[in-house]
Structures are given as structure tokens and as C-alpha cells.
Amino acid sequence: MKSLLLKSSAVALLLSGVAFSGSAFAQETIKIAFAGPVTGPVSQYGTMVKDGVLTAIEQINAAGGVNGKKLELVTEDDACEPKQAVLVANRIVSSGIKFVVGHVCSGATIAAADIYDREGIVMVTPSATSPLLTDAVARSSIFRTIGRDDQQAPAAVEYIVNKVKPKKVAVLHDKQSYGQGIATAVKAGLEAQKVPVVLFEGINAGESDYSVIVTKMKSEGVDFIYFGGYHPELGLIARQSRERGLTAGIMSDEGAANEDLQRIAGAAAEGILMTLPPDLTKEPANAEIVKAFQAQKRNPDGPFQMSAYTAVLALAEGMKVSKGEDSDAVAKAMHEIKFSSPLGQVSFDKKGDLSNFKFVISRQNKDGTRSAAE
């Protein structure tokens, strides 16, 4: 019996040692979760963000990591769905991860934000532009490295008023947090400038036939369309408008800036206007970062790659300044830091928004590329 007890004790000590060793090994890296659409109709946006996150992590690790530790990426798929985002957020909480880049879509990001803030997890979204994320509730651990819709909408309104000068505008949206939010802001801006908005209406995302709304716009004599939402619906609305003889100009938001827009809209994609972040790949200061993307066969040219890269830098800077991984201390540091990034000099206001961000207007070309709108 004594021999058996000794053997049991030895096994217990051995297992304890293995467990301790595993725990110590787990602490050799700092895990950062990427949360966004890996699957679903807007998974390309998830790819843009993940490419930015991966490139930043690789560059930081190659330079020695953060406080002597390497960063490790964990990927979670929310498919751009708010309900799925809640499940993802709870999984991240259960896993013990303290830092998140994401989510990508505004609705999913807002749904997850309360969980992260309540549980002391620092989240930086590189793409969710809805003001509701940081305006509705004060959240000390939620940040974003992209502008807000109330910065994006004025850029759209200014261009429409001064360059397009339409007589009758239709403002459409996809009834989701992001699309409806920016469409509402654009409508208000246009009306403040005395531009007639003759139609303000939501469409159902995911449908394949928008002929009813196209017919309605045609009967109203609409000569310009603003759409708040994502590229699948925009592409169909553009194509079906042209097929039915509606030649109105079209503008949308950065959520529609996707290479698949051309595939969906066909020839109707040419000339579509979009509010986008500046093309940061052309900045000389970003030349080495662009090369780092290209070395891994990743495309740096999109609305979210550089903001995602910057999101990782922000977390890393917060950890360096706070000299650790305590999420409260990291969040506090992030509210106070100023650092260089692909976006330029970055600092956050008390809400966690960027102190400065500028949207520009681009035009879709015939070959699917985009160029600055005149």
C-alpha cells in the first residue's frame, strides 16, 4: 500500500510538472485574436484585415516581439453576423485572450464590444465605422483605427453637393447598423444643403432581385443614388438599374470597396464613387510595409489592410508603455500614447476613436481598379 502511495505521489508530481511546464510555455507568447468574417458574403473584408494583422505580427516578431515575447494570432469567424459575434466574443473570453483586432462589420463589432469591455479585453477594430460603437456607451477598452461614419458622410455630401450637383437623390441602405447609419447621415447632410432626397428606403440584404426599388427610383426621376451597405447588394442594384434604363450616378461607402463588385455589377461598376481611406500604399514611408505584404503574397491595397496593421501596432505600443499584458493598464496607456503607423501619427481620443482621420473620394474604373475622383 505504501509503495502504491509513493508511486501515486510520483505520478502526481510528474503530471504537476507537465502542467506547470505547459503553463509556462503558454506564457511565452502573447495571443491576439482576429475576429471577423472568414466565411460569408463579405469574407474578403475579413481577408483584408487578417492580412494586415498577420503582416504586423510578423514584422513585430522579427524585431524581437513585445517586451521579450512573440505575438501569436488566433482566428475566430463571426461571418459578419451579430449573433455569431457574441458567440465568438464569449469564446475569446473563455480562452483567456486579452487582446482582439476586430470585429470587422459594425453590427458584429457593436454586439461584441460590451462583452469585451465588461471582461477587460482590449479590442481595436480597423473597419467598423458606426459612431454607435463609441458614442452609445462609454467603453474604456474599445478602440478603432479607422474613421467614423460622421467623418465619412460629410466627405460624401461635400462631393455630391459640389461636384455631382444632382436634382433628385435616392438614398438607400441595407437595414443594417453600418449601412443604415451612414445612409442616414448622408441624407441629413444632403437635406441640410437643400439637395432633394426624394427616396430614402431600406432593402433586404441577401436578395437577388431589386427591380422594385429600381422601378421606384426610375419613376421618381432619380439622377443620383447613394447606397449605404456592402458590395453584394450595391453590385446588383447598379447592374439592375442599368439593365432597366436607369442611368443615375452611384456613390457608396468603404464597405463596398471590394474586388468582387466588378464581377457582380459588370459594366455598371464603372464610375461608381466611394468614400475610402487614402491609398496608403503610395506613401513613401510605407514602402517597406508594402514590401512585407507582397513578400507573403498578400495584397496591401484595400481599405482595411493598413488600419489592421495599425491596430496591432496600437496594442503592441500599449503593452510596451504599460510594461506588461494587464489589459486595464494597456487600455489606459493606449488612451495616452502617440505613435507612428502606416496611417501617420496616431493617437486616440477619450472615446477610443482616432484623433484625426480623412476620407477621400475614389471612382471605380472599367478594369476594376479605383482612382481618385476629380
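Predicted model: local features only at pLDDT ≥ 70, side-chain atom pairs only at ≥ 80, totals over all residues.
1. **Ground rules.** Local features here need pLDDT of at least 70 and side-chain atom pairs count only at pLDDT 80 or more, while totals for chains, interfaces and linings use all residues. Residues are numbered from 1 along each chain as its sequence is written, and side-chain values use heavy atoms, with hydrogens and water left out.

2. **The largest pocket.** On a 1 Å grid over the protein atoms alone, a pocket is an open set of points with protein on both sides within 12 Å along at least five of seven lines, and lining residues have an atom within 4 Å of a point. Grid points are joined across faces, edges and corners, and a volume is the space filled by probe spheres set on the points. The pocket is lined by 34 residues, of which N299, D301, G302, P303 and R370 are the closest to its centre.

3. Two or more lining residues come from each of α2 (43–62), α12 (305–322), β13 (360–364) and β14 (370–372). Helices (H or I, at least four residues) and strands (E, at least two) are DSSP runs, numbered from the N terminus. With four residues, α2 gives the largest share. By type, the lining of the largest pocket has 16 nonpolar, twelve polar and six charged residues. Here Ala, Val, Leu, Ile, Met, Phe, Trp, Tyr, Cys and Pro count as nonpolar, Asp, Glu, Lys and Arg as charged, and the others, Gly among them, as polar.

4. The expected span is 1.5 Å times one less than the number of residues. Of the 20 residues in α2, 14 are buried, where buried means under 20% relative accessible area, exposed over 50%, and partly exposed in between (1.4 Å probe, protein chains only). Helix α12 has 18 residues and reaches 26 Å from first C-alpha to last, close to the 26 Å expected. Because 14 of its 18 residues are buried, α12 is largely enclosed by the rest of the structure.

5. **Helix α9, a covered one.** Do look at α9 (residues 231–243), whose 13 residues reach 18 Å, close to the expected 18 Å. Ten of those 13 residues are buried, so α9 is largely enclosed by the rest of the structure. Among the buried ones are H231, E233, L236 and Q240. Their cover includes α2, β6 (169–173), α8 (211–219), β8 (224–228), β9 (249–252) and α10 (260–265). S211, placed in α8, is buried at 15% relative accessible area. Beyond its neighbours within four places in sequence, S211 is in contact (heavy atoms within 4.5 Å) with Q240 and R244.

6. **The disulfide.** The structure holds one disulfide, a pair of cysteine sulfur atoms within 2.5 Å. C80 and C105 form this link, with their sulfur atoms 1.9 Å apart. The link is left-handed, with -120° about the S-S bond. C80 lies in the loop between β2 (70–77) and α3 (82–95), and C105 in the loop between β3 (99–102) and α4 (106–118), so the pair ties together parts that are 25 residues apart in sequence. C80 is buried at 10% relative accessibility, and C105 is buried at 3%.

7. One cavity of 30 Å³ or more turns up in the whole structure; a cavity is a set of points where a 1.4 Å probe fits but cannot get out. The largest cavity has about 60 Å³ of space. Its lining includes C105, S106, Y178, E254 and F304.

8. **Backbone spots to check.** Most residues other than glycine have a negative phi, and most peptide bonds are trans. A cis peptide bond joins G102 and H103, with omega of about -10°. A79, not a glycine, has a positive phi near 55° and lies in the loop between β2 and α3. K297 also has a positive phi, about 60°, and sits in the loop between α11 (287–295) and α12. At 78% relative accessibility, K297 is exposed.
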